[in-house]
Structures are given as structure tokens and as C-alpha cells.
Amino acid sequence: MFRKTRIRLVTLNVIVVFLLLNLLGGAVYYTMKYRLYSQVDRELEKVSQRLTVDPLPRLRRMDDESFPYNRMERKKYIDLERRYTLLVWDSFGQVIGTAFGDRLEPEDFPEFLHIDKPDGTETVSIRGQVYRVQTVTVPKKVVVGDRVQIAYQFQLIYNLAPEQNMLSSLLYVVVIGGAVSIVIAIVAGWFLARRALIPIQVSWEKQQQFIADASHELRTPLTAIMVNLERLFRHPDHTIEQESEKIMIGMQEAKRLSKLVADLLTLARSDSNELQIMSKRLRLDEVVQKCTQVFTQLAIVKEISLETNIEGPLEIAGDEERLHQLLVILLDNALKYTNKDGSIYVSCKKDGNRVAILVKDSGIGISKENIPYLFDRFFRVDKMRSRSTEGTGLGLSIAKWIVDAHHGKIHVSSEEGIGTSFLVTLPVK
């Protein structure tokens, strides 16, 4: 499944990169083309205005290839000689003379014919050469060779070979760069997709494990309830007193099932951010005091001593109900795993700009290799022992969520046979 997802991610990444590169390359190419052509058009416009206002140079006759400009005319139009060619047409559509630049081939002249068409600038392609042509229609006397003639239309022609070479080079760079970028995008996309899918894959595996564990935990009490109900049907004539043991077992499993479902719902809502912390100012020392008073009575029943060291007043911003739930989880675990004649110590005091809550017991302890997994859902150090103490393996996961939701930290230290301590620190503000 993840391999297909990885391939889809790489494909989408390459498609996005391809589209972006094409859009960017096309934008660069056409922007450059527009700017080059605009620059040429401005020059053509400027030169055409000079030609219509200033006296024209003496034109070359079509049958005279050696006709030279005089020195004054060459000096006057020296900036135009290499870049432009001027074609002069009469009213019959015949070229009567040329000026500037290199001469065009006479057989190409008809391709530039613009008689009876609106004046303006256009692009003309002839035998692989691209020209930009500015046409101006204005009757004017010109000197062709040694004769004065009436010109009808003037065409200023610019060879776009340098611009075309520049655009071709740019297009080559864009295409090669695009191809290289796509190859890089494929390689980088494959690597990054693998890195990006690692946490998703881990989360998926945890979710699958969570579903499997939850199904197992739900199935066990349901099975016990069903078995005891079936036993009741075997003796329909028995009284409640006679079947009290089976009824009690069913009630215990139903209670356990109800607690498990409530814990699962709490974790599910916390994962989807539906469960919010109702933060308000509260006295944490009073919350700890109330909770320890309840567990003091339970500790007396189990012949365990419970000592407290609670400073006050300790005001923080938090959710009183959730903080009470946190303390219940920690004290309940301490009480479950502390043997007869053991001790539990609870302290609550200010530590700088934080409040520290310590729950320490002299219970059976936890091995060092199991400590990193204590806050994992359904994790149990000893499943058989947890079954006897009615544990679900979700309490510490909920405790960790409550601490994180209050922007606090929880730390565990334990040693087998000596005891376990949970240190919770919460910010005052």
C-alpha cells in the first residue's frame, strides 16, 4: 500500500514540477521575445520617423550595385547601415531603390510587398530568415542614382537573426534545464516521499496494533458476560442469591468494559482534537488534597501508608477535572502495584515558574527496558498481573495526554523491587 502511495506522490510531484517549469520557462521565453521585439519595434518606429521627416539618402538603383553614398550621407546614417535595409516602392508595386545595410536578393522583394495594406509593423519569414518590417506609406521625392523620382511607400527591414539566435539559445537552455530538473524531481521525490511516509507508516502500524489490542480487550469482557448469562439460562429455576456469583462477575466485566470504552473514547477524541481543555484559574494544592484524601482510605484498607507534602496556595491555569483524572490514574497505579505494608508518597510544591507533583511508591517497580513504553496504549509490563488488577493499559496514555495538553512534562523513574516515581511538572501560567 505504501509503495503505491509513494509512486503516486512521486508522480504528482513530477507533474507539478513539469507544469511549473513549463509555465516558468514559457513565461521567460515569451517575455524575452516580447522585450526583444518591442525594442526592435521602437527602433524601427524611431528610424521611420526620421526617414519621413529628414531628407532621404541617395538610393541605390536596382541595376547599380556599386553606387556609393557620399561622405555626408554615410556620416548621417552610419548607425543604420549595418542593421537595416530600406526598400522604396512606387505606386505600381515596383522597387525603385534601396539603401543602408546589405542588399536583399531581388527575388525576395515580392515577399515584402505591402501595397494596398495598412501601415504598421509585421514579421516576415523568407527562406529561413526572419525579418521585422516597418511600412510607411507617404509620397515623397527621392534621389535614385542621378534621377529624382516619386516614392510611394517605404519599408524599413530589420534582420532578426541575432534575436532569433538568442531566443534559440534560451529555448535550448529551458528545455535542457527542464529535462534535468524532471530527473532531479524524480530522484528527490522518491527519496523525500520515502522520508515523508516513515511517520505515516509508523502511525499506521501503531493504529493497526491499537485496533487489534482494543478488539482483544473488548472481546474479553464481552465473552465473560456472555458466558455468565448463558450459565444463568441453564438454571432458570434458581434464585438470584443462588446465581449471585455469576451476576457479580458479569457486573464486574460490564464495569470494566464501560471503563475501557470510556478510555478509548477519551483517547480517540484527543487524537482528533475534539476533546478540549477547559482552562481556568484553580488551586492545584486543593485538587491534590481532595484526591489524596479519597486514596488515603483505600490505602488504609490495603494496609499501605500514604504520606503527603502539599504546599499552598498553588494557583495555575488548567482543567480541574482533567488534573483530578491525572492524579487518580497515578495514585491508582501506585496503589495497585504496592504490596501490603508498603508506602506511597505524594508531594506538590512550586519549583520556579512551574509546579511539581511527585507520586512515589515502594511497589514492585518496572524494568528499565520497559520504561520507554509505559505511555504506549495497551502496554502492560505483565499482562497476567494487569488482568488480576483490572488494568486496561490506557491509563498512563491518558495521563500523558493530560500533561501534554497542559504544556507540562511527565517523567518516570523506577527500579524493580524498590518502587516507581512519577514526576509531573506544570507551568504556573
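At what angle do helix H5 and helix H6 pack, and how far apart are their axes? In this predicted model, local features require pLDDT of at least 70 and side-chain atom pairs count only at pLDDT 80 or more, while totals for chains, interfaces and linings use all residues. Residues are numbered from 1 along each chain as its sequence is written, and side-chain values use heavy atoms, with hydrogens and water left out.

Helix H5 (residues 284-301) packs against helix H6 (residues 320-336) at an angle of about 35°, their axes lying 10 Å apart. Helices (H or I, at least four residues) and strands (E, at least two) are DSSP runs numbered from the N terminus; axes are lines fitted to C-alpha atoms, for helices over the stretch in contact, and angles run from 0 to 180 degrees between N-to-C directions. The H5 and H6 crossing is right-handed, a term that applies if the near helix is turned clockwise from the far one by less than a right angle. Residues in the contact (heavy atoms within 4.5 Å) include Val-287, Phe-295 and Leu-298 of H5 and Leu-323, Leu-327 and Leu-331 of H6. By class, the contact of H5 with H6 comprises 12 nonpolar, 2 polar and 3 charged residues. Here Ala, Val, Leu, Ile, Met, Phe, Trp, Tyr, Cys and Pro count as nonpolar, Asp, Glu, Lys and Arg as charged, and the others, Gly among them, as polar.

H5 lies across S7, strand S9 (343-351), strand S10 (354-361) and S12, and runs at about 170° to S7. H6 packs on the sheet as well, touching S9, S10 and S12, and its direction makes about 25° with that of S10.

The sheet is open, with 5 strands in the order S7-S9-S10-S12-S11 and mixed pairing; two strands pair if DSSP finds at least two bridges between them. Strand S7 (305-310) and strand S11 (409-415) each have a single partner strand, so one side of each of these edge strands is left without a neighbour in the sheet. Neighbouring strands of this sheet are turned by 10° against each other on average, direction ignored. S11 runs antiparallel to strand S12 (residues 419-427), and 7 bridges join them. Within this pairing, Lys-409 stands opposite Thr-425 in S12.
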